[in-house]
Structure formats: C-alpha cells, structure tokens
Amino acid sequence: MEMKSKKKRIAILGGGPSGLFVYTRLVESGSNDFEITIFEKKKELGSGMPYSTEGANIEHITNVSDNEVPHIVSSMSDWIYTAPAELLEQYNIKPDQFNEYKVVPRLLFGSYLAAQFEILRKTGKKAGIATAVHFESTITDINYDIKNQTVTVQTTKGSNHEFDFAVICTGHNWPIRYEGKVPGYYDAPYPPRKLIQHFNHPVAIKGSSLTAIDAIRTMARNNGLFEKDSEDNLKFKLNPESTDFKIMMHFRSGMLPAVRFHLEDSHLSNDSLLTKEEIDLHRKSNDGFLSLDFIFEKDFKEIFIEKDPEFYQRIKDFSIEDFVTDMMELRERLDPFQLLRAEYVQAEKSIKRQESIYWKEMLAVLSFAMNHPAKYFSAEDMQRLQKVLMPLISIVIAFVPQKSCEELLALHQAGVLDLVPVGDDSTVEPQNGGGILYNFVDTNNNQRVCIL
Ligand SMILES: Cc1cc2nc3c(=O)[nH]c(=O)nc-3n(C[C@H](O)[C@H](O)[C@H](O)COP(=O)(O)OP(=O)(O)OC[C@H]3O[C@@H](n4cnc5c(N)ncnc54)[C@H](O)[C@@H]3O)c2cc1C
C-alpha cells in the first residue's frame, strides 16, 4: 500500500506515448503538489506499441514528421544530435542531413520518446515532483471507491496501490483467436518479426490500412529484393526460392489509403475553428444538438474562403454528401495503383515545395475538431458521420509514407501485389490444416470463394 501523503497521488497506467504526454503536461504544469507513479508492463518507457519491437521492425516508418509531433522536451531534430552514434548508424541517419520534415524509422522514434521520458524524469525531480516507475508491472484491475474518492490499482505482481487519480494509457491490444492454432494464420501482424519468413505461396491480407502496408513491406523484403534501376525507379525482384509468393490484399472499398503530403500546420489545429462558446451558442438554438452540417460549414468549407478561394467556389454549395461523392469520384473511377502513382507524384511536389494539399489537411483538421463535440451530434448525424464522411476521412488522413508508397508500386509492377475488393460482408474461414477460405461478393456481384 502507498503511504498516505498530503500530495495528490496520480497514477499513469501504461508508459507509452500517451503516458509520456500526460507526464509531460504534469511536469510542465508549474506545480508540484502531486506525486506520480507510472506502471509499465514492459522494461522501457516511451516507445509504447508502434515504436518498439512489439509493433515495428527496422523497415517500418512513422507517418508523421518531427514538425507534426506535439511539443515534448526537445524536438527530434535536436535530439538526433545527442543520440548515440551507433543507434543512428543502425538506421543510416546522419544528423546534418536530417530535417524536421522527414519521417523516421518507428524504432528510432521509440528511442527518441524513451529519451524524452528520461529527460522529463530529471526535470520533474528538480521541480520537486517525485516519480516512481514500476517496470514489468501489468495492471490487472482498477477500482474506484466513490465514497473515499480513491482509485485502487492491482498488478500481476499481486500488489494493490491506492491513488487519488489514475490516467489509463494502456493503448493498443490485439486479441488472438486462431493464431498458434491454425498454421499460417495471424490474427494481427504484430509483433512484425513473426512475418520474417520465406513464403512460396500466395498470402492473403485482410484490410488496406497502414498496418497491412507494414506487413506487406516485411514479407516483401524477406522474399525478394528492392532495387533502383538506372532511372532511379524502385523495382522488385522475387528470390528464386519464392517465385510463387504473391500478396493479395483484400479490402472492402477496393480503395487504397491516400499518400502523405506536406502539412502546413504542424499540430493540425487552426485558429479559425469554432470555439467552445460558438458551439454552445449553436446548440442552444438547435435543441442541444450540434449539427454536423454546421460544423462542416464552419470548420471546413468556410476556412477556404481565405485559404483557397478557388476551391471554395467549387465546394461552397456542396452538402456533405455532395462533397464526399465529388472527392470519391476519382478514387472510384481510377485503378487504385494508377491513383496511388498520381497521388505519389502530387505528394512529392507538395513535400519538395513545402506546400500543403490544403483540402486534405483541412479534412484532417476537421476530423480532430469533431472528436470532442461529436457527443452532441444527433443519432442521425452520427450515422451520417460514420457512413458518409468517415470513409473519406479515413482514406485521406491515413498519410501513407512515400517510401511505403514506392514499395507498393514496385511490388504491383512486379506482379507480386494485387488488390481484391470484397464488399461489406466478406468472411474469412481459417482451415484446420492451414490456410483460409475467403468468401466475398466480387465487383460483378458474384459470390466468390478463394482458397489461400
Ligand atoms: C502499428 C502502428 C503504427 C502507428 N504509427 C503511427 C505513426 O506513424 N504516427 C502516428 O501519429 N500514429 C501512429 N500510430 C498511432 C498510435 O496509436 C500512437 O502513436 C501511440 O502509439 C498511442 O500511444 P498509447 O500510449 O496510447 O498506446 P501504446 O503505444 O499501445 O502504449 C501503451 C503502453 O501501455 C503499456 N501497457 C499496456 N497494457 C498495460 C497494462 N495492463 N499494464 C501496464 N502497462 C500496460 C504498453 O506496454 C505500452 O507501453 C500507430 C499505431 C499503430 C498500431
């Protein structure tokens, strides 16, 4: 049991990126009338899941650059000058060639986050904030005592700890259903080292998110070679022992996520967005609800009046439905790889010129701006958000990094990567002897069963 003290006792449950940001804000709060205890199931703080070997291999990269990461202590471009040389060598990173617009290997980003935690612990100590860290300590239960207003936290080590506040930062988990029971079946691609294998048969991937792209990149480099040709184009060649290796990416919409471009606003915020007061005022005149059309008008369309008047003229009379139809039209019409190549070229220009693709950036801003007030949407608006706007938002704000994009294009060109649209009701049946049956309705409305 923790000793009762006058200081408020705050527990941070999980020491990944969210835990780090909570800790940062507490250390920087200017006050020290509290003490902090961090529980982390692993042996290190900061890297969490995506930026440790639990979520990344050396080939996996972040989809945000230093200028897009919210302030911690030092920026990545400053930290890189203090990072151990042997660490940077592993990733072939030279500090004088690094800049804040570059995406980085996720494992290196994890080292950066871990280093930030260490600096903050020292800063906290100097400021009189006691921090206790329990490594390899997994939280198994949390109980809130309403009467005494305390939180009791239980760990696998069997100990109970009492606090005044607890912040849950335990992040990602991926339930395992068939993995280990069905040969060759993986419920999730994490940890990705399990995909470092030689394959000489087709591999099905369900989904087209960044997670799927991570898995593709890992499998590809273990079954072939990426090389630049004389014109600097990336090519892929299968290894002789993997000639039957092929990746079939199955996904609902048949559309690939959009490519990362230069973001103008580092923290995806915007002064022109609705304030809390404006939202409250609007709700008063709208039976307490926040209208999705209102937020789309104010936090999206009207931003273009100043920023991109031409685009504003194009969309000013659009409803949400019209806008989504217009933006999806090209995606639906073009072959996904043709579109990926076109978007890649456009994004390259945007990064070189440091010019945003403004409507995409503002769509990301809108999605973040809606996070908090979404609870005030009516049931109908919530449905429109989920069914109409979110599919476009999730495609646009995926921000596929350039390097991943180049590899997807090279794999497709080599005939190693294909896409299979499967509609909304597909099912995957793992087979006892290994492999799967993929049931889906194809684009011609024919029921298909694929054995992979
Ligand atoms: C594969 C992948 C790649 C991503 N890449 C990016 C990217 O490039 N850019 C971006 O902006 N976002 C990215 N994300 C989004 C990502 O969600 C966040 O960047 C971030 O990891 C969220 O941090 P978190 O601390 O909430 O969760 P996590 O990273 O999951 O960290 C949770 C921490 O809590 C610990 N923990 C969990 N359960 C317990 C327990 N019971 N007891 C004690 N400790 C526990 C874990 O060990 C871990 O350290 C990615 C997500 C994934 C899955």
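# Report on a protein–ligand model

Gly-184 is exposed because its relative accessibility is 68%, where exposed means over 50%, buried under 20% and partly exposed in between, taken with a 1.4 Å probe and protein chains only. The model is predicted, so local features need pLDDT of at least 70 and side-chain atom pairs count only at pLDDT 80 or more, while totals for chains, interfaces and linings use all residues. Residues are numbered from 1 along each chain as its sequence is written, and side-chain values use heavy atoms, with hydrogens and water left out.

## The loop between β7 and β8

Gly-184 sits in the loop between β7 and β8; strands are DSSP runs of E with at least two residues, helices are runs of H or I with at least four, and both are numbered from the N terminus. Along the chain, Gly-184 and Ile-315 are 131 residues apart, and 48 Å separates their C-alpha atoms.

Arg-177 is found in the loop that runs from β7 (165–168) to β8 (202–206). With a relative accessibility of 57%, Arg-177 is classed as exposed. The side chains of Arg-177 and Tyr-178 are joined by a polar contact of 3.2 Å. A polar contact is a pair of N or O atoms within 3.5 Å; within protein, one atom must be able to donate a hydrogen and the other to accept it, and residues adjacent in sequence count only if both atoms are in side chains. From Arg-177 to Ala-215 the C-alpha distance is 19 Å, with a sequence separation of 38 residues.

Pro-191 also belongs to the loop between β7 and β8. The peptide bond that joins Tyr-190 to Pro-191 is cis, with omega at about -5 degrees.

## The ligand

The ligand is surrounded by 25 residues, of which Ser-18, Glu-40, Tyr-51, Asn-63 and His-172 are the closest; a residue is near when one of its heavy atoms lies within 4 Å. This shell is made up of 9 nonpolar, 12 polar and 4 charged residues. Here Ala, Val, Leu, Ile, Met, Phe, Trp, Tyr, Cys and Pro count as nonpolar, Asp, Glu, Lys and Arg as charged, and the others, Gly among them, as polar. The table gives distances from atoms of the ligand to atoms of the protein.

| Ligand atom | Protein atom | Distance |
|---|---|---|
| nitrogen | polar backbone atom of Lys-41 | 3.2 Å |
| oxygen | polar backbone atom of Met-49 | 2.9 Å |
| oxygen | N or O atom in the side chain of Tyr-51 | 2.6 Å |

On its own the ligand has 980 Å² of accessible area, and the protein covers 80% of this; the areas come from the Shrake-Rupley method with a 1.4 Å probe.

## Cavities and the residues beside them

How many cavities of 30 Å³ or more are there? The count is 3. A cavity is a set of points, on a 1 Å grid over the protein atoms alone, where a 1.4 Å probe fits but cannot get out, and its lining residues have an atom within 4 Å of a point. Points are joined across faces, edges and corners, and a volume is the space filled by probe spheres set on them.

The largest cavity holds about 50 Å³ of space. Its lining includes Ser-65, Tyr-101, Arg-260, His-262 and Ile-351. By class, 4 nonpolar, 3 polar and 2 charged residues line this cavity.

His-262 is in the loop between β11 (246–251) and α6 (276–284). His-262 counts as buried because its relative accessibility is 9%. A polar atom of the His-262 side chain lies 3.5 Å from the backbone oxygen of Gln-354.

Gln-354 is placed in the loop between α11 (336–353) and α12 (358–371). Because its relative accessibility is 41%, Gln-354 counts as partly exposed. Phi of Gln-354 is positive, at about 50 degrees, although this residue is not a glycine. Gln-149, another non-glycine residue, has a positive phi near 50 degrees. Gln-149 is located in the loop between β4 (139–145) and β5 (150–155).

## Two buried residues

Ala-56 belongs to the loop between β2 (34–39) and α2 (76–79). Ala-56 is buried, since its relative accessibility is 1%. Ala-56 and Pro-192 are 136 residues apart in sequence, yet their C-alpha atoms are 6.0 Å apart in space.

Asn-439 is part of strand β14, residues 436–441. The relative accessible area of Asn-439 is 14%, so this residue is buried. The side chain of Asn-439 makes a polar contact of 2.9 Å with the side chain of Glu-429.

Key: 1 Å grid on protein atoms, 1.4 Å probe; cavity = no way out; pocket = protein on both sides within 12 Å on 5 of 7 lines; lining within 4 Å.
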